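Here is a friendly walk through one protein model. Have a look at the structure first, then read on.

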Amino acid sequence: MLKRKDLLGLKDCSAEEIYEILDTAAEMKKLLDSDCKHSDLLRGKALVTLFYENSTRTRSSFELAAKYLGASEVNISVATSSVQKGETLIDTGETLDAMNIDFVVIRHPMAGAPKLLAEHVRASVLNGGDGMHEHPTQALLDIFTMREKLGKVKGLKVAILGDIKHSRVAMSNLFALTKLGAEVHMYAPATMIPKEIEKLGARVAKSREQALDGADAVMGLRIQLERQHGGLFPSLSEYAKYYGVNDATLKYAKKDAIVLHPGPVNRGVELSPQVIDGEKSLILEQVKNGVAVRMALLKLLGEYREKRL
């Protein structure tokens, strides 16, 4: 059982907690793969998704996870909610809390928003991505996919290439993978690498080939144009040529290496179409595993709520 009310990030999670989530996700995937994707584990519970940014995978997978476990789920469309009338995040949270909900999944452009919300509500808050801070459930599904396919996490070399500076996915993966004993090698244009990220455990490669050399898992990251102010790289075509992963550069990785991407993918930029659709790609499997991981988190946090709250 997790010893926390909320899941706000992986920086403060222990290796034991992460493995508990991964092990529980493996159980949930069996339910997901069954002919009857239904359980009463969360019967009578309610989940709200509160997204201040666009999302397809994260929001829908949380909503499906809740339904598969027997909970009720409601999506709050921020564009048509009282937020547009000036309602604050705390006021929104307290309003939802008054309706006796059990879980709130929040995505917000400001780092720290999930923590602020968690401090003002009785419901368990799950971070669906906050600013350039963390995206814990995405990293958990990434690592679950690595472990499922490669059989372990400890000792793996994971190459992460792309817009690392603006990626909350990269940060959550870095925190969790290093705790579990994996090596994280990063490569991107110098303008897209955070300063002093090596102090957090990353190994910054001097070339794309060095990052990919002997890698067990290769992760591409989406160039997040919506978070940039321009001028970080000359053009998309040049980025693809010098920093993207294609069949030729992928050969530097191990023969049985896997390819991951949190999505959505800019085809032909971070990854070539051949890599995206190739046999090494587990991008669609990641989507499926995302439902299992989020089912696991709802189950574990639900157990904590039953015993502690």
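The sections below cover a sheet, a helix, a serine and some backbone details.

## About the model

This is a predicted model, in which local features need pLDDT of at least 70 and side-chain atom pairs count only at pLDDT 80 or more, while totals for chains, interfaces and linings use all residues. Residues are numbered from 1 along each chain as its sequence is written, and side-chain values use heavy atoms, with hydrogens and water left out.

## The sheet

Let's begin with the strands. Helices (H or I, at least four residues) and strands (E, at least two) are DSSP runs, numbered from the N terminus. Two strands pair if DSSP finds at least two bridges between them. In general, strands of a sheet pair through backbone hydrogen bonds, either parallel or antiparallel.

Here, 4 strands form an open sheet with parallel pairing, in the order β2-β1-β3-β4. At the edges are β2 (72–77) and β4 (124–130), each pairing on one side only. From one strand to the next, the twist averages 15°. Strands β1 (residues 46–51) and β3 (residues 103–108) pair in the parallel sense over 5 bridges, and T49 stands opposite V105 in β3.

## A helix on the sheet

Helix α3 (residues 89–97) packs on this sheet and touches β1, β2 and β3. Its direction makes about 160° with that of β1 (axes are lines fitted to C-alpha atoms, for helices over the stretch in contact, and angles run from 0 to 180 degrees between N-to-C directions).

Which residues of α3 are buried? They are L89, T92, G93, L96 and D97 (buried means under 20% relative accessible area, exposed over 50%, partly exposed in between, with a 1.4 Å probe and protein chains only). Seen down the axis of α3, these buried residues fall within an arc of 135°, so they line one face of the helix (the arc is that of the directions from the helix axis to the C-beta atoms).

## A buried serine

S281 lies in the loop between α10 (273–276) and α11 (283–308). With a relative accessible area of 15%, S281 is buried. Leaving aside neighbours within four places in sequence, S281 is in contact (heavy atoms within 4.5 Å) with V259, V275 and I276.

## Backbone details

Most residues other than glycine have a negative phi, and most peptide bonds are trans. N100 has a positive phi, near 65°, and sits in the loop between α3 and β3. N100 is exposed, at a relative accessible area of 56%. A cis peptide bond joins G263 and P264, with omega about -10°.
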